[in-house]
Amino acid sequence: MEKFGFAISKGRQIDYDANSRHIAAYISEREPSFRACIECGCCSGTCTTGNFTRFSLREMHILMKRGENKEVHDNIRKCMLCGKCILVCPRGVNTRNVVTLARQAFQIYESNAV
Ligand code: SF4
Ligand code: SF4
């Protein structure tokens, strides 16, 4: 059979049943404003860390809500907690607390796994 130089793409669906959203749940319980986020990206647009790296708080929020935590785990420490994002958030999300709680949650769940 002739090859056309392309293949079927890997599945990219989000499997909410397979993913664990425990990090997002931990944050929502302690910082309810997390739920008000509309993923507008204003925070990422103004982010100090985002000026120098690929870090995006908007992306972190989306991934945590999907339960895709690996990338969040690897990147959430890049935030410098400067607070600029709080000033521009149209939904009043306490973003610094969201980041702090995310770090805390990873630490707790990791130490429980040991
Ligand atoms: S600016 Fe606020 S509402 Fe917009 S993505 Fe960031 S945290 Fe969410
Ligand atoms: S607190 Fe973190 S996410 Fe917000 S602007 Fe500063 S570095 Fe970016």
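In the predicted model, Glu 39 has a relative accessible area of 24% and is therefore partly exposed, since this class lies between the buried limit of under 20% and the exposed limit of over 50%. Lys 65 is likewise partly exposed, at 24% relative accessibility. The two residues form a salt bridge in which the closest N and O atoms are 3.1 Å apart. This pair links distant parts of the chain, 26 residues apart: Glu 39 is found in the loop between helix 1 (22–30) and helix 2 (42–46), and Lys 65 in helix 4 (residues 57–66).

Side chains of opposite charge can pair when their charged atoms come close. Six salt bridges were found in a search of the whole structure.

Another of these contacts joins Arg 54 to Glu 71, with 3.7 Å between the closest N and O atoms. Arg 54 counts as exposed because its relative accessibility is 60%, whereas Glu 71, with a relative accessible area of 30%, is partly exposed. Both residues also belong to a network of salt bridges that includes Glu 59.

A further salt bridge is formed by the side chains of Glu 68 and Arg 66, at an N to O distance of 3.3 Å. Glu 68 has a relative accessible area of 27% and is partly exposed. Arg 66 is also partly exposed, with a value of 26%.

Terms used. Residues numbered from 1 in each chain as written. Chains lettered and ligands numbered in written order. Predicted model: local features only at pLDDT ≥ 70, side-chain atom pairs only at ≥ 80, totals over all residues. Heavy atoms only, no water. Salt bridge = Lys/Arg side-chain N within 4 Å of Asp/Glu carboxyl O. Helix = DSSP H or I, 4+ residues; strand = E, 2+ residues; numbered from the N terminus. Buried < 20%, exposed > 50% of the residue type's maximum accessible area, 1.4 Å probe, protein only.
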